[in-house]
Amino acid sequence: MDKETLKNQFETKYELYGEMLYKIAFLYFGNSYDAEDALQEVFIKLLYTSPAFKNAEHEKAWLIRVTQNKCRDMLKTAERKNTVTEATELSDYAKTESDAYLDIIKHVTMLPEKYKTAVILYYYYDYSVSQISQTLKISKSAVKMRLKRGRDILKIELEDYNDEA
């Protein structure tokens, strides 16, 4: 494949999926540097070693899984734990958002990985339980349980907001 064709393929795929995958990676790491590194690796894999896709949804699901796995691998390799994201990183991510919204994002980034992915897909990308089940290759009941446990953790962590209401 020539360079021009490869470049055009990359640009097309990046336009379609780049922003969504970046947000997923950002929510894993809490910083733009690692999110961009993960995204670069994911797109390299897409261009050079991806399987043949049945349709666009299959490709999108594969990209989400690869992004999730790449983020996990990077977190393991660096032997880091999710930490509270610095306010400057979050403000770069969501400059127009309220403090409450930024605090929620901060807490979502600190969720255990298996809950975080389900919560991100469900609440940030409006995926159905069925779509999450297919994307993550787990049962629908497992998706529902991960969403419930993720919500329970967030409810405890964000208790201060409940007290204010």
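Lys13 and Glu59 are joined by a salt bridge, with their closest N and O atoms 3.0 Å apart. Lys13 belongs to helix H1 (residues 3–29) and Glu59 to helix H3, so this pair ties together parts that are 46 residues apart in sequence. The model is a predicted one, in which local features need pLDDT of at least 70 and side-chain atom pairs count only at pLDDT 80 or more, while totals for chains, interfaces and linings use all residues. Residues are numbered from 1 along each chain as its sequence is written, and side-chain values use heavy atoms, with hydrogens and water left out.

**Salt bridges**

- The structure holds 4 salt bridges; the term denotes a side-chain nitrogen of Lys or Arg within 4 Å of a carboxyl oxygen of Asp or Glu.
- In the pair described above, Lys13 is partly exposed at 22% relative accessibility, whereas Glu59 is buried at 6%.
- Another salt bridge links the side chains of Arg72 and Glu113, at 3.1 Å from N to O.
- Since Arg72 lies in helix H3 and Glu113 in helix H6, this pair ties together parts that are 41 residues apart in sequence.
- Arg72 is partly exposed at 23% relative accessibility, and Glu113 is partly exposed with a relative accessible area of 25%.

- An α-helix has 3.6 residues a turn, so residues three or four places apart point the same way.
- Glu19 is exposed, with a relative accessible area of 56%, while Lys23 is partly exposed at 28%.

**Helix H7**

- Helices are DSSP runs (H or I, at least four residues), numbered from the N terminus.
- Helix H7 covers residues 129–136, and its buried residues are Val129, Ile132, Ser133, Thr135 and Leu136.
- Viewed down the axis of H7, the buried residues fall within an arc of 170 degrees, so they line one face of the helix; the arc is taken from the directions from the helix axis to the C-beta atoms.
- The cover over these buried residues includes helix H3 (56–77), helix H6 (113–124) and helix H8 (140–157).
- Lys137 follows H7 and has a positive phi, near 55 degrees.

How values were computed: Buried < 20%, exposed > 50% of the residue type's maximum accessible area, 1.4 Å probe, protein only. Helix = DSSP H or I, 4+ residues; strand = E, 2+ residues; numbered from the N terminus. Contact = heavy atoms within 4.5 Å.
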